[in-house]
Amino acid sequence: MTNHWSVRLLVAAAALSTGCVTYSHASLPQDARFELLYERKLAAFEQRVAMERHTASGDDWTSVAEGWVALINCRKVANPEDLGLQDPLARVVYAGLVLEDARRERMLGQALTARTGTWGRDTIFARLHHPDFFDRVADHLPPGYIYWLPEDESWVDELPAPLAADSGCDELRKSLAESVTAAPSDGVVAQDWVALEISAVEAVLAAGRALSDDQGGESLTRLLWHTRVHGAQLLWSEARKLERDDGADPEKIAALHREALAHLEAASRYEVVELVDSGERSRMELLHGVLLAKLERPSDALGHLARAEALGLSDDNHWGSRYLRLRLLMNAALWEDAAALTEKVPPQTSRFFSPYAYYGALSLRRVGLEDRFLALAMAAFRDRPYEADPFMRGLYAEVLQTIADYPFEARTIELLEEMGPRNKTFGRVEEFAAVSLDRGRPENAAAAARWLLARQTDAREHPRFYALLALSAFLDDNERVFVENVAKITARPDKLLDVVPQHRRSSFFAHADAELARALRLMLPVMAEWGETPRARVRRQKWLRIIVAQTQGFLRETNESLARPALVELYRLASAMLDDHPRGYAERVGATDAAPLVLGTVQLNARQLAQFEPPIEPTLSPVFSLALVPRDEVQPANWPSFFTEPESAGARP
Amino acid sequence: MKSFAPLLTLCLGLLAAPLGLAAEREDTPPNRPTVQKRFGTKEGHVTMHLVGVTHVRNDLYNTLGAGLDLGYYFNEQLGAELRLVWLYTRLSGAGDSIRERAGLTPDARAQNYLTTAGLRYSFGYGKILAFDTFVVHFDPQITLHAGTAFAGQRVLPTVLTGLSLLNHFKWGIQVKLDLNLTAQMERRDRGWVPSFGFAPFLGLGWSYGGLAAVPEAGP
């Protein structure tokens with residue numbers, strides 16, 4: 001009996017032993033991993049990644065997942081060279097994460113340096129750093145699960161528990177703030193950030209080149225395009241910083257421009273019409289055109305700028321592009337194409353308004369469309385005073401030069417009145433007269449001067465008008481009228497002499513006397529421009545004698561004049577230029593200094609306005625995302641670049 | 001060994017299997033907790049155990065018994081149980097000797113049957129690695145039964161309470177060891193008399209509630 005019971009017990013034990021649970025590795029849940037990331041379940045995703053490492057079932061995509069977790073939690077994304085990734089697609093996606101990490105560090109560092117309130121606007125960081133964007137709370141365990149407390153030993157039949165996904169963004173901000181505080185002014189830290197980011201851009205592109213044509217598809221095309229554009233924008237931004245530094249090496253700036261251009265030219269070879277919205281493409285075309293213009297390839301630049309405008313640009317970018325096209329066309333002497341751009345001008349509030357109006361008007365004049373030129377100018381003066389800036393002054397001068405070629409009549413007065421405030425009409429008429437003289441239209445100057453004399457009731461202004469009449473007569477070679485008007489400039493009516501005390505006369509007549517000196521001085525360079533023909537020499541000698549006679553007479557009669565020194569100098573100068581004047585001979589023989597060289601009239605030309613031109617600085621939005629979110633149930637060609645639609649709120653540094 | 005409750009140490013001393021711990025160390029940081037699906041979940045399960053028992057009361061009787069436990073678990077911690085045990089009670093050697101010499105038998109009567117209803121409360125969960133090959137999952141429990149024992153025509157109100165180790169195996173197989181203390185009242189010739197004893201139960205049974213073949217070890 002005992003034997004029977006023993007046998008029965010042994011059989012029972014053997015049977016029971018087959019029911020024993022073997023100690024084996026835990027198996028991973030079958031649900032997709034990257035879907036957890038896409039659904040923003042960060043704690044669950046991180047647990048899943050930890051499970052893969054625990055069960056030694058990870059692959060290259062496990063590293064990608066860890067990279068995403070590090071990026072989201074503001075921790076350093078590991079160096080890809082330390083990971084030994086084999087899958088080319090995984091290498092590209094991971095390189096994008098490294099690039100985003102570098103971009104974040106640069107943007108946050110620059111914001112901390114500049115003490116700006118927000119950063120990362122219009123990028124993924126505006127969402128990633130929002131505390132509620134990801135589900136960071138560890139899920140409660142479902143029923144039937146046991147939670148083991150941490151121990152030193154690890155059991156293979158267990159899996160890592162879900163942990164709350166804590167963000168390290170505060171620590172990142174503090175550490176960057178410390179580095180900024182330690183080196184705020186030498187710029188070395190900032191340069192490191194940029195250098196790292198540029199290196200990361202190159203790494204993404206290198207990884208992309210290793211892909212075969214059938215890997216990745218549209219999402220990779222979009223990613224590589226965005227990476228190229230981002231690289232170009234970064235280099236452009238660095239070049240702009242150097243341009244603002246007076247001591248920067250121009251060759252270095254040009255090198256940055258060339259490098260940026262290379263990125264954009266590579267980007268333009270991608271087919272992205274269906275993949276990227278028109279706003280991004282238009283800004284890329286704009287930057288492309290600006291860079292080509294900087295590198296003196298205007299014909300290529302024009303094409304890109306026109307494409308950018310066709311795709312649609314923001315107001316400032318649109319007018320910047322259009323203005324640049326106008327300038328490029330003018331520089332290439334394509335006046336008709338430039339004139340065509342004047343059909344629309346920027347709004348008065350645009351920084352391009354004045355220069356656009358000026359150059360546009362010039363182009364209209366160049367092609368002979370004077371009516372449109374005047375219409376454009378008059379419209380511009382209605383929106384902005386001609387004294388407002390150098391371009392409006394230049395346009396004003398151009399208008400005066402144009403209307404000075406026509407007789408001074410009612411239409412001229414009308415135009416001069418409409419060009420600015422009514423109470424400054426006299427000033428404009430006077431300037432018209434001066435321009436008329438300059439352009440060899442003395443009859444217009446004389447008519448304008450007479451109009452002024454008839455209407456300006458303030459007698460203190462009259463000497464200038466008589467000076468205009470005198471100069472007109474000079475240009476007309478009319479000695480009699482010249483002398484008459486010179487006498488009127490410096491007239492000392494007895495009625496005035498009776499009431500003005502002796503000691504006050506010099507200051508009382510100072511304005512008139514100065515006008516005489518000015519008018520006579522203006523004659524000298526004009527005479528110098530007559531040339532050296534015999535007729536010109538005769539004419540010049542005649543007028544020099546008149547100047548000598550007039551100054552001599554005035555100096556003898558008015559000892560108290562404040563313009564005496566200037567007139568004495570003029571007298572000597574004119575005397576020295578006379579062929580037969582004894583003084584002139586003596587002056588020439590005994591002179592130790594060279595005779596004064598009278599140059600032609602110095603005029604302000606368009607080249608000198610270049611320093612006032614507004615810089616063409618396209619407003620470029622940052623690339624929203626330089627990363628790809630892998631998905632398990634979606635083909636790589638359709639992988640998104642982010643989780644949800646972006647919002648525009650910026651993350652606080 | 002791995003347990004969720006410190007009191008388990010006492011119960012684990014009853015199991016002589018050598019303890020082995022995982023020698024492999026995976027990439028889980030030491031400060032990170034872990035999770036595991038319970039092996040042999042109980043919630044909503046019906047259990048049936050064949051039990052064997054001996055009842056030690058120092059009453060000059062030897063008692064052996066066998067019976068059936070039927071149970072149901074409301075959740076992982078709490079379950080109810082019905083117990084029906086047939087008892088084979090005979091005088092011990094000392095009792096026989098007294099009867100032969102003095103013609104006297106004990107005042108207590110031999111018990112024939114025991115029926116109780118009670119609760120089982122799992123206050124923890126543990127597992128033991130045996131021979132580096134097998135893992136035994138178990139629930140340390142506190143049990144409380146109340147019922148009636150029958151000794152001839154006498155009816156004895158009975159309470160059993162104690163600690164238990166409920167071990168889980170594959171296919172729903174369970175082995176349990178209940179270490180119960182008993183308390184009974186018997187109406188003897190001199191009146192109601194309380195008596196106390198010790199009744200270890202060893203049970204082999206099966207839990208049914210949607211069998212899992214070999215449950216996954218992970219979430």
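A charge sits over a ring if NZ of Lys or CZ of Arg is within 6 Å of the ring centre and within 35 degrees of the ring normal. Arg365(A) meets that rule: it lies over the face of Phe373(A), at 5.7 Å from the ring centre. Keep in mind as you explore that this is a predicted model.

**Chain A at a glance**

- The secondary structure of chain A consists of 28 helices and three strands.
- Chain A has 653 residues, and 48% of them count as buried.
- Take the contacts in chain A between residues at least 6 apart in sequence: 69% of these join residues at least 24 apart.

**A sheet built from two chains**

- Look for an open sheet of three strands, in the order β2(A)-β2(B)-β3(A), with antiparallel pairing.
- The edges of this sheet are β2 and β3 of chain A, each of which pairs on one side only.
- On one side, strand β2 of chain A (residues 145-148) runs antiparallel to strand β2 of chain B (residues 34-37), and four bridges join them. Here you can find Tyr145(A) opposite Lys37(B).
- On the other pairing, strand β3 of chain A (residues 159-160) is antiparallel to β2(B), with two bridges. Leu159(A) stands opposite Val35(B), while Pro160(A) has Thr34(B) as its bridge partner.

**Aromatic rings**

- Over all chains, the count comes to 33 aromatic pairs.
- One of these joins Tyr323(A) and Phe352(A): the ring centres are 5.6 Å apart and the planes are at 35 degrees, so the pair is tilted.
- Tyr323(A) belongs to helix α13 (residues 315-331) and Phe352(A) to the loop between α14 (335-340) and α15 (353-366), so their pair ties together parts of chain A that are 29 residues apart in sequence. Both Tyr323(A) and Phe352(A) are buried.
- Phe426(A) and Trp451(A) make an edge-to-face pair, with 5.8 Å from centre to centre and 70 degrees between the planes.
- This second pair ties together parts 25 residues apart in sequence, because Phe426(A) lies in helix α19 (residues 425-438) of chain A and Trp451(A) in helix α20 (residues 442-455) of chain A.
- Buried or partly exposed: which is Phe426(A)? Its relative accessibility is 29%, so Phe426(A) counts as partly exposed. Trp451(A), at 12% relative accessibility, counts as buried.
- Ring pairs also link a cluster whose members include Trp319(A), Tyr356(A) and Phe391(A), along with Tyr323(A) and Phe352(A).

**Another charge over a ring**

- The charged end of Arg492(A) sits over the ring of Phe509(A), 4.2 Å from the ring centre.

**Nonpolar cores**

- How many residues does the largest nonpolar core have? It has 126, and the residues with the most contacts inside it are Tyr359(A), Phe381(A), Leu395(A), Phe482(A), Met523(A) and Leu567(A).
- Helix α21 (residues 462-475) of chain A gives the most to this core, namely nine residues.

Key. Residues are numbered from 1 along each chain as its sequence is written. Chains are lettered from A and ligands numbered from 1 in the order in which they are written. This is a predicted model: local features need pLDDT of at least 70, side-chain atom pairs count only at pLDDT 80 or more; totals for chains, interfaces and linings use all residues. Side-chain values use heavy atoms; hydrogens and water are left out. Two strands pair if DSSP finds at least two bridges between them. Buried means under 20% relative accessible area, exposed over 50%, partly exposed in between (1.4 Å probe, protein chains only). Contact means heavy atoms within 4.5 Å. Rings of Phe, Tyr and Trp (its six-membered ring) pair if their centres lie within 6.5 Å; planes under 30 degrees apart count as stacked, over 60 as edge-to-face and the rest as tilted. A nonpolar core is a set of buried Ala, Val, Leu, Ile, Met, Phe, Trp, Tyr and Cys residues joined through side-chain atoms within 4.5 Å.
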